[in-house]
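Good morning, and thank you for coming.

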Amino acid sequence: MSDSLQNPQVDGRGRSHLGFLAFVLLCFFAASSAPTPLYHLYQQAWGFSSALLTVIFSVYALSLLATLLVFGSLSDYLGRRPVIFIGLLLEIVSMLLFIAATDVIWLIVARVLQGVATGIATSALGAAMLDSDAQQGPLLNSITPMFGMALGALGTSALVEYAPLPMGLAYGVLLAAFVGQAMYLLRIAETVTPQPGVLKTLRPRLGVPAQARGTLLLVLPADIAAWALGGFFLSLAPSLLTAATGSTSVLNGGFAVAALTLSGAISIHNLRQRAPRRALLVGCSFLAVGVSVILVAVNLGWLWLFFTGAVVAGIGFGASFLGALRLLLPLAQAHERGALMAAFLALSYLAFCIPALLAGVSIKTAGLVTTTNVYGGVVVLLAVSALAGLLIQQAGRARAG
């Protein structure tokens, strides 16, 4: 492993690999959403409940979170390349498990392993992209996961609808991509020098500095609303569209996820230069309106209106996450930032999976449409409360000024 490339921007080699690193990150998140359009098919084939479906979804998010907290800084000590390589190997094994799956246990094991692989690889990939290009790295780190999730959901839907081997072909395509990436990774020069002390980093470190706690409480309702909506879409959207509209096309689930994530990526790109408070105001407003439109569409059974609401809510999803992160992180000192980021991500990923799990349990007694109405109502309430808090704080500052 070469240690010569300590500053990739000096000779341009690091920047030339930025596209490859972004492509690897995109494939990891494409793989994360690839099972979404298949969940309904798995249910029909193996006869499990919506509650178990949300468990299959949630174990991925929880294992990813736990891995990020424990191994998030591993590449700072071992180097970017070996950590990315380990993540790719684990992801390859998870794809093989998906292809071989014959019951729910296989899916759960595959999702847990996939969460570990994604947690290990994405932190190292994000750091490597920042090493390679300090200007474009942060932007690609923000929008590539959303494009990846859209590609995974849409691509899998299309393969299921129009190609053979509906339960395995998407995983086979991703498997080939990951194998190729693992081989190409050998050509990538290392961007950090390995250092001792790795064992000290394997302890989850969460912390919210005193000066950031008020702002965290202010942005938390918006962040919870955004991630809870994302979790619902990635676990239950295909089933909901079938129940609400009667349409059985697998493409609908892919389009739903793509509508949410692509509009989220576009809003992040468009608002990246704006003040974080404005981004958060936009996010809360669009989240509340978008989810309200989705609820109307679900109760009327209008597919086109559902997708319209998903696009509006997706703008809110991206803007809320961007605004909350940019408003919060500058409040921490340099030595506090890692712990604050870990705490923020922990809360975000818990919001991503826990509400979806509760929804899965609720469906058994209340039904999918009623559960969606309650779930969506809570998301709207959280977004409106965050919006109100921001406006009250803004009015107080104006009076004080």
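This is a predicted model: local features need pLDDT of at least 70, side-chain atom pairs count only at pLDDT 80 or more; totals for chains, interfaces and linings use all residues.

The protein is divided into domain 1, residues 15-204, and domain 2, residues 209-400. Their C-alpha centres lie 22 Å apart. To the contact, domain 1 gives 33 residues and domain 2 gives 37 residues.

How is such a contact described? The size of an interface is often given as the accessible area lost when the parts come together. Here, domain 1 and domain 2 bury about 3,000 Å² between them, and 82% of that area is on carbon and sulfur atoms. How many salt bridges cross the interface of domain 1 and domain 2? The rule finds 0. Polar contacts, however, are present: 8 residue pairs are counted between the two domains.

Which helices build the side of domain 1 that touches domain 2? At least two residues each come from α4 (39-46), α5 (50-71) and α9 (136-162). The largest share, 14 residues, belongs to α9. By residue type, this side of domain 1 divides into 23 nonpolar, 9 polar and 1 charged.

Let us now turn to α4. Within this helix, Tyr 39, Leu 41, Tyr 42 and Gln 43 are buried. The buried residues of α4 pack against several helices, namely α5, α8 (104-132), α9, α10 (169-184) and α12 (213-245). After α4 comes Gly 47, which has a positive phi, near 65 degrees.

Thank you for your attention.

Key: Residues are numbered from 1 along each chain as its sequence is written. Side-chain values use heavy atoms; hydrogens and water are left out. Domain bounds come from an automatic or database domain assignment. Contact means heavy atoms within 4.5 Å. Buried area is the accessible area (1.4 Å probe) that two parts lose on being put together, summed over both. A salt bridge is a side-chain nitrogen of Lys or Arg within 4 Å of a carboxyl oxygen of Asp or Glu. A polar contact is a pair of N or O atoms within 3.5 Å; within protein, one must be able to donate a hydrogen and the other to accept it, and residues adjacent in sequence count only if both atoms are side-chain atoms. Helices (H or I, at least four residues) and strands (E, at least two) are DSSP runs, numbered from the N terminus. Ala, Val, Leu, Ile, Met, Phe, Trp, Tyr, Cys and Pro count as nonpolar, Asp, Glu, Lys and Arg as charged, and the others, Gly among them, as polar. Buried means under 20% relative accessible area, exposed over 50%, partly exposed in between (1.4 Å probe, protein chains only).
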